[in-house]
2 protein chains.
Amino acid sequence: MSEETSVAARGLTLVFTGNGKGKTTAALGMALRAWGQGMKVLILQFIKGSWKCGELIAAEKLGPNFVIRQMGEGFIRCSNDKGLDGHRAAAQNALEEAKKAMREGAADMVVLDEINCAVHYGLVDVEDVLDIIRSKPPGLHLVLTGRNVANEVVGSADLVTEMREVKHPFAVGIPAQKGIEF
Amino acid sequence: MSEETSVAARGLTLVFTGNGKGKTTAALGMALRAWGQGMKVLILQFIKGSWKCGELIAAEKLGPNFVIRQMGEGFIRCSNDKGLDGHRAAAQNALEEAKKAMREGAADMVVLDEINCAVHYGLVDVEDVLDIIRSKPPGLHLVLTGRNVANEVVGSADLVTEMREVKHPFAVGIPAQKGIEF
């Protein structure tokens with residue numbers, strides 16, 4: 001047991017952004033660490049919605065304290081996407097779920113996966129994200145992922161890491177691999 | 001099931017480096033995703049050794065397909081550390097464990113946590129890391145974490161992400177938190 005456990009818990013707001021691989025993955029790792037510590041974790045996916053990923057199978061195995069909810073309508077290819085209204089409704093729905101979970105104390109860690117993208121694409125208003133950060137219960141850890149994070153969100157967060165792509169296998173023609181990308 | 005599963009599996013060599021938070025955490029998330037896909041995961045920690053972290057408790061719960069072995073002698077404060085010989089022996093031992101696991105096909109994903117640091121501090125020779133990458137079985141995913149990755153390792157890897165610190169709570173006096181840092 002390290003000495004840090006004697007310090008009063010303070011929930012942090014963490015942001016994983018940038019164009020490199022490892023944002024959602026780091027949020028998942030953090031969720032696993034928290035789950036290991038006996039915390040309840042809720043992951044709300046704002047953009048992804050159509051993949052049956054390894055993390056979803058894992059979450060089912062981890063039980064009721066590790067919940068992933070896919071609220072999004074799948075990948076958005078470009079901002080002129082015809083179906084943006086559907087994406088917007090889904091993202092707003094995810095936002096309401098996040099607020100509800102925080103209000104009800106349903107989790108010790110809430111991950112809003114790809115919410116930065118949702119803001120960037122205009123599916124979620126940045127003010128709503130700042131409201132969530134401001135209204136966070138003191139003990140709750142809040143994790144926001146996705147590229148193109150808004151400056152205002154960086155300003156309100158405790159920790160921000162930019163995942164910068166140095167080298168990516170898709171660039172050299174290697175396809176997505178099971179256990180890595182999905 | 002996505003169409004990528006029809007493509008022949010090719011194990012990747014992935015590197016998470018940089019000074020920001022999220023390197024080991026992303027490796028953990030990747031390990032969880034792989035475990036969810038039914039893969040066997042082996043995580044060898046090269047530097048850490050003294051913390052009873054959330055991930056260790058989680059690994060115990062996940063069972064025999066998710067193994068974390070702490071091979072290191074704890075944090076190295078500076079490169080003039082009196083106990084560097086002990087650290088070197090521990091890192092060499094971890095290296096042998098990695099080679100053995102790869103030879104015996106003991107895992108589908110091997111994470112060499114903080115191995116980049118171990119090379120940076122002279123505990124492990126960069127040539128030994130390049131040998132491991134070169135002798136990797138084709139289907140195995142190899143993940144190397146730690147700041148100050150050697151250029152030669154970047155050259156041999158398929159994917160490299162630099163976790164860049166934009167903002168960190170320790171810088172503003174907030175201590176390490178349960179479920180986040182440990």
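Strand β6 (residues 159-167) of chain A and β6(B) pair in the antiparallel sense across seven bridges, two strands being counted as paired if DSSP finds at least two bridges between them. Within this pairing, A:T161 stands opposite B:E165 of β6(B). Helices (H or I, at least four residues) and strands (E, at least two) are DSSP runs, numbered from the N terminus. The model is predicted: local features need pLDDT of at least 70 and side-chain atom pairs count only at pLDDT 80 or more, whereas totals for chains, interfaces and linings use all residues. Residues are numbered from 1 along each chain as its sequence is written, and chains are lettered from A, with ligands numbered from 1, in the order in which they are written.

The β6 strands belong to an open sheet of twelve strands with mixed pairing, in the order β3(A)-β2(A)-β4(A)-β5(A)-β1(A)-β6(A)-β6(B)-β1(B)-β5(B)-β4(B)-β2(B)-β3(B). At its edges stand β3 (66-70) of chain A and β3 (66-70) of chain B; each has a single partner strand, so one side of each is left without a neighbour in the sheet. From one strand to the next, the twist averages 15°.

Chain A as a whole contains six helices and six strands, which follow the pattern β-α-β-α-β-α-β-α-α-β-α-β along the sequence. Of the 182 residues in chain A, 51% are buried; a residue is buried if 20 or more other C-beta atoms lie within 10 Å of its own, exposed if 12 or fewer, and partly exposed in between, with C-beta atoms placed from the backbone. Among contacts in chain A with a separation of 6 or more, 80% join residues 24 or more positions apart. Two residues are in contact if their C-beta atoms, placed from the backbone, lie within 7 Å.

The relation between the chains comes next.

The contact takes 57 residues from chain B and 57 residues from chain A. On the side of chain B that touches chain A, α1(B) supplies the largest share, eleven residues. That side divides into 30 nonpolar, 14 polar and 13 charged residues; Ala, Val, Leu, Ile, Met, Phe, Trp, Tyr, Cys and Pro count as nonpolar, Asp, Glu, Lys and Arg as charged, and the others, Gly among them, as polar. Because 100% of the interface residues of chain B are also interface residues in chain A, the copies meet through the same surface.

The axes of α1(A) and α1(B) come within 6 Å and cross at roughly 85°, axes being lines fitted to C-alpha atoms, for helices over the stretch in contact, and angles running from 0 to 180 degrees between N-to-C directions. These two helices, α1(A) and α1(B), are therefore roughly perpendicular to each other (angles under 35 degrees count as roughly parallel, over 145 as roughly antiparallel, 65 to 115 as roughly perpendicular and the rest as oblique). Their contact has ten nonpolar, four polar and two charged residues.
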